[in-house]
Amino acid sequence: MTNPRSAVRLRLAALAVAPVLALSVACGGDGGAGAKPDDAIAEAPKTSSPAKGESDGRGEGKDEGKGGASAAPGGKSAFYDAQMEYVRCMRAKGGYPDFPDPRLSGHLDWDKINEIGAQPGRNEGIKGGKNGACRDEIQTAMAATPKIDQQKAYESMLAHAQCMRDNGVSRFTNPTMSGGNVIPGGDPSPASPVLDPRSPSYKKADKACESKLLEGLDGMQ
């Protein structure tokens, strides 16, 4: 997904939230430098949002709350509130007291989440909490997520994948479409990752390409 956002690249298989997540992709892991990232889970893209740094027409670009929960933007309060419940659960019961607030748009801040997941021993449970403690909360948040046009999501992920390859991550795969839904690209072998999102070269490429992804898709590939 550059930032250590890829480090968690929380698209992969093994958490308690698996039944509700439509897509799996290799996104990161714990352990020392040079270790291969563990598998994590990625959500299916569901939100139609502006690309990073752009406005959605109401002055709601990809700004983030700082120093605590921020007021939810108009029209997105249910989604934002559901995400805040998930965040609170992750802090109180999920084993991540430093789990960041969602952005003002309601989407999770994957840059910060992946930084946490990239720390040794902290990838397990980064989605859904340790031992699935926040499974219900993440399911509720996913159900409240605004829908996204799957073709636009595919085009966004395709541009991101091409950019990653152009910037030196030659094995980064393209997304695909299946049954009308986009399946993120990324590591060619999610079950046994061959890309290291924590490597300097990967981080550099990820940073250069982050603007290619629509908001809500970051952290998926």
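Author: A helix here is a DSSP run of H or I with at least four residues, a strand is a run of E with at least two, and both are numbered from the N terminus. This is a predicted model, where local features need pLDDT of at least 70, side-chain atom pairs count only at pLDDT 80 or more, and totals for chains, interfaces and linings use all residues. Residues are numbered from 1 along each chain as its sequence is written, and side-chain values use heavy atoms, with hydrogens and water left out.

Reader: How many helices and strands does that rule give in the protein chain?

Author: The protein chain has 5 helices and 2 strands. Along the sequence they run α-α-α-α-β-β-α.

Reader: Where is D218 found?

Author: D218 is in the segment after α5, the helix of residues 200–209.

Reader: Why is D218 called buried?

Author: Buried means under 20% relative accessible area, exposed means over 50%, and partly exposed is in between (1.4 Å probe, protein chains only). D218 has 2% relative accessibility, so it counts as buried.

Reader: How much of the protein chain is buried?

Author: Of its 221 residues, 54% are buried. The accessible surface is about 9,100 Å², and carbon and sulfur atoms hold 49% of that surface. Such areas come from the Shrake-Rupley method with a 1.4 Å probe, and for residues only the protein chains shown count as cover.

Reader: What makes α2 count as largely enclosed?

Author: Of the 8 residues of α2, 6 are buried, so the rest of the structure largely encloses this helix. The buried ones are W110, D111, I113, N114, I116 and G117.

Reader: How do you know which side of α5 is the buried one?

Author: Its buried residues are Y202, A205, D206 and C209. They span an arc of only 100° around the axis, so they sit on the same side of α5. The arc is that of the directions from the helix axis to the C-beta atoms. An α-helix has 3.6 residues a turn, so residues three or four places apart point the same way. The face turned away from the buried side carries the exposed residues P200, K204 and K207.

Reader: What covers the buried residues of α5?

Author: The cover includes α4, residues 150–166. Contact here means heavy atoms within 4.5 Å. Take A205, one of the buried residues of α5. Its relative accessible area is 1%, so A205 is buried. Its C-alpha atom is 6.9 Å from that of G168, 37 residues apart along the chain.

Reader: Why is the pair R88 and E85 called a salt bridge?

Author: A salt bridge needs a side-chain nitrogen of Lys or Arg within 4 Å of a carboxyl oxygen of Asp or Glu. The closest N and O atoms of R88 and E85 are 2.8 Å apart, so the pair passes. Both residues lie in helix α1 (77–92), 3 residues apart, about one turn of the helix. R88 is partly exposed at 42%, and E85 is partly exposed at 45%.

Reader: How many salt bridges are there by this rule?

Author: The count is 7. One of them joins D98 to R122, with 2.9 Å between the closest N and O atoms. D98 is in the loop between α1 and α2 (110–117), and R122 is in the loop between α2 and α3 (135–144), so the pair ties together parts 24 residues apart in sequence. D98 is partly exposed at 37%, while R122 is buried at 18%. E210 also pairs with K207, at 3.1 Å, and E210 is buried at 14%. R103, D109 and D111 are linked in a salt-bridge network.

Reader: What makes the pair Y86 and F99 edge-to-face?

Author: Rings of Phe, Tyr and Trp (its six-membered ring) pair if their centres lie within 6.5 Å; planes under 30 degrees apart are stacked, over 60 edge-to-face, and the rest tilted. The centres of Y86 and F99 are 5.7 Å apart and the planes are at 80°, so the pair is edge-to-face. Y86 lies in helix α1 and F99 in the loop between α1 and α2, so the pair ties together parts 13 residues apart in sequence. Both Y86 and F99 are buried.

Reader: How do you know that K130 sits over the ring of Y96?

Author: A charge sits over a ring if NZ of Lys or CZ of Arg is within 6 Å of the ring centre and within 35 degrees of the ring normal. K130 lies over the face of Y96, at 5.5 Å from the ring centre.
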